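Dear colleague,

Please find below the structure that I am handing over to you. I would ask you to look at it first and then to read the notes under it.

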Amino acid sequence: MKKLPVFLLSALAFSLSPLSHAQEKISVLSTQQLVNECKAPLNTEPRTFCVGFTKAVYETYLATRHPQHAVPYICINPIPQRDDVINGFVKWSNENPQARDKPAAGVFLGYLAMRYPCPKK
């Protein structure tokens, strides 16, 4: 008999746990937060974060775009210096304040698509 109440309590606790997770707000890095990191001097922790984040966003774009089913929209050729891309993004974001509160990953990809578009075929 003791097993049934323990089982019911366990099942109830397990079933309620998604409710608490569903109410949590997931924090997403904003464009302004990324720009603040990218403005930091070279070889500092914030700048290193900026480099890693922007590289990861671009690498994820490359890795998840299926070459036969998704037309590329970012074509970086020739490959520019990393700091030129980051400095260009910071300058562009300062000129486009409407992007400051938007998620940084999407805005960065949009910047790359605008700055390094693929040629029309």
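This is a predicted model: local features need pLDDT of at least 70, side-chain atom pairs count only at pLDDT 80 or more; totals for chains, interfaces and linings use all residues.

Residues are numbered from 1 along each chain as its sequence is written, and side-chain values use heavy atoms, with hydrogens and water left out.

The chain contains five helices and zero strands, in the order α-α-α-α-α along the sequence. Helices (H or I, at least four residues) and strands (E, at least two) are DSSP runs, numbered from the N terminus. Among contacts (heavy atoms within 4.5 Å) with a separation of 6 or more, 68% join residues 24 or more positions apart.

Of the 121 residues, 26% count as buried. Buried means under 20% relative accessible area, exposed over 50%, and partly exposed in between (1.4 Å probe, protein chains only). The accessible surface is about 9200 Å², and carbon and sulfur atoms hold 62% of that surface. Such areas come from the Shrake-Rupley method with a 1.4 Å probe; for residues, only the protein chains shown count as cover.

The largest pocket has a volume of about 330 Å³. Of its 14 lining residues, Lys 55, Tyr 58, Ile 76, Arg 82 and Val 85 are the closest to its centre. On a 1 Å grid over the protein atoms alone, a pocket is an open set of points where a 1.4 Å probe fits, with protein on both sides within 12 Å along at least five of seven lines; lining residues have an atom within 4 Å of a point. Grid points are joined across faces, edges and corners, and the volume is the space filled by probe spheres set on the points. Helix α3 gives the largest share of the lining, five residues.

The whole structure has four salt bridges, each a side-chain nitrogen of Lys or Arg within 4 Å of a carboxyl oxygen of Asp or Glu. One of them joins Arg 47 and Asp 83 (3.0 Å, N to O). Arg 47 lies in helix α3 and Asp 83 in helix α4, 36 residues apart. Arg 47 counts as buried because its relative accessibility is 6%, whereas Asp 83, at 23%, counts as partly exposed. Glu 95 also forms a salt bridge with Lys 91, at 3.7 Å between the closest N and O atoms. Both of these residues, Glu 95 and Lys 91, are exposed.

Yours sincerely
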